Amino acid sequence: MSTVESQLLQQISVTEEKPQHSKRNVGLVLVGLTGGAAIGLSIIAAPFVAPALRKVCLPYVPATTQQVNNVLRALKGRTGTLVDLGSGDGRIVVAAAKAAKLSGVGVELNPWLVWYSRWLAWRKGVSSSTSFMTHDLWKLNLQQYKNVVIFGVEEMMPDLESKLLQELTADGCVVACRFPLPTWQPIAVFGEGIDTVWLYRRPNDYAVDKRKDHESFVDNR
Ligand SMILES: C[S@@+](CC[C@H](N)C(=O)[O-])C[C@H]1O[C@@H](n2cnc3c(N)ncnc32)[C@H](O)[C@@H]1O
């Protein structure tokens with residue numbers, strides 16, 4: 001083979017290698033982007049999946065408009081602070097602050113929902129009378145709240161009833177959405193079907209000195 005021929009062959013092999021390199025680079029970038037997107041999505045989705053892995057699965061299901069209206073009917077004339085246990089996107093706390101002028105706290109495990117709730121409160125002009133915390137509802141002492149709202153699941157209601165019995169003050173009330181407390185008698189019921197809301201007062205026959213240590217709930221979860 002002449003020198004010219006071998007130089008030509010070298011040039012051809014160099015020009016043939018280039019597209020292979022760039023193809024490999026595009027492939028690597030695509031793998032990187034896909035992997036990055038998958039990791040990003042997992043980070044966002046994890047707090048939504050986490051409640052399903054707990055002893056009692058309490059998933060994110062936002063209250064319907066009718067349900068929120070029934071909660072507001074139940075809270076009519078109430079004063080003092082409100083807490084929504086598992087506040088989701090903050091719609092109940094925000095609605096109560098706007099319509100019933102109740103200062104409210106939302107307690108929610110999912111930090112994305114907590115940040116969204118803060119934004120919603122700001123957008124609706126009630127950020128000064130509301131607050132949202134990333135916290136486990138079972139580890140929150142309810143003594144300081146006069147109005148406790150819960151949109152829970154059936155399996156958690158017996159434990160929640162015990163917690164309320166120990167922590168709710170005599171003038172406190174409970175508003176339960178969709179699932180009632182198992183043994184307390186409601187003083188009023190609003191709406192029907194999946195939008196039903198029950199209003200309760202703490203039973204009178206339970207003396208404050210019978211309260212057990214709040215810590216028992218902390219250990220159970
Ligand atoms: C059925 S949703 C109710 C949302 C909101 N209260 C509403 O009515 O639109 C229940 C919420 O409780 C939250 N959650 C589940 N377990 C929790 C826990 N241990 N502590 C605080 N929040 C919890 C879930 O992330 C979910 O957003």
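In helix H3, the buried residues are Arg91, Ile92, Val93, Val94, Ala95, Ala96 and Ala97. Buried here means that 20 or more other C-beta atoms lie within 10 Å of the residue's own; 12 or fewer makes it exposed, anything in between partly exposed, and the C-beta atoms are placed from the backbone. Helices (H or I, at least four residues) and strands (E, at least two) are DSSP runs, numbered from the N terminus.

Two housekeeping sentences. This is a predicted model: local features need pLDDT of at least 70, side-chain atom pairs count only at pLDDT 80 or more, and totals for chains, interfaces and linings use all residues. Residues are numbered from 1 along each chain as its sequence is written.

Back to H3. Why call it largely enclosed by the rest of the structure? Because seven of its nine residues are buried. Those buried residues pack against H2, E1, E2, H4, E3 and E4. Contact, throughout, means two C-beta atoms, placed from the backbone, within 7 Å. H3 lies across strand E1 (82–85), E2, E3 and E4, and runs at about 180 degrees to E2. For such angles, axes are lines fitted to C-alpha atoms, for helices over the stretch in contact, and the angles run from 0 to 180 degrees between N-to-C directions. After H3 comes Lys101, with a positive phi near 55 degrees.

Now the wider view. The protein has six helices and seven strands, in the pattern α-α-β-α-β-α-β-β-α-β-β-β-α along the sequence. Of its 221 residues, 30% are buried. Take the contacts between residues at least 6 apart in sequence: 66% of them join residues at least 24 apart.

The sheet next. Seven strands form an open sheet, in the order E3-E2-E1-E4-E5-E7-E6, with mixed pairing. The edges are strand E3 (130–134) and strand E6 (188–190), each of which pairs on one side only. From one strand to the next, the twist averages 20 degrees. Strands count as paired if DSSP finds at least two bridges between them.

Which strands does E4 pair with in the parallel sense? E1 runs parallel to E4 and is joined to it by four bridges; Asp84 has Val149 in E4 as its bridge partner. E4 and E5 also pair in the parallel sense, over five bridges, and there Val148 is partnered by Val174 in E5. Strand E5 (residues 173–177) and strand E7 (residues 197–201) run antiparallel, joined by five bridges. Ala176 stands opposite Trp198 in E7. Helix H2 (residues 65–74) lies across E4, E5, E6 and E7, at about 25 degrees to E7.

E4 itself is largely enclosed by the rest of the structure, because five of its five residues are buried. In a regular strand the side chains alternate between the two faces of the sheet. In E4, Asn147, Val149 and Phe151 point one way, and Val148 and Ile150 the other.

Let me stay with Ile150, in strand E4 (residues 147–151). Ile150 counts as buried because it has 24 C-beta neighbours inside 10 Å. Leaving out residues up to four places away in sequence, Ile150 touches Leu85, Leu160, Ala176 and Cys177. Ser87 is 63 residues from Ile150 along the chain, yet their C-alpha atoms are separated by 8.3 Å.

On to the core. In soluble globular proteins, nonpolar side chains tend to be buried together. A nonpolar core is a set of buried Ala, Val, Leu, Ile, Met, Phe, Trp, Tyr and Cys residues joined through C-beta atoms within 7 Å. The largest one here has 42 residues, and Val71, Val148, Val149 and Val175 have the most contacts inside it. At least two residues each come from H2, E1, H3, helix H4 (111–123), E4, helix H5 (157–167), E5 and E7. The largest share, six residues, is from H3. Val71 touches Ile92, Val149, Val175, Cys177 and Val197, again not counting residues up to four places away in sequence.

Last, the ligand. Which of the 21 residues around the ligand come nearest? They are Leu58, Ala63, Gly86, Gly88 and Leu137. A residue is near a molecule if its C-beta atom, placed from the backbone, lies within 6 Å of it. Helix H3 (91–99) and strand E2 (104–108) are the elements that give two or more residues to this shell.
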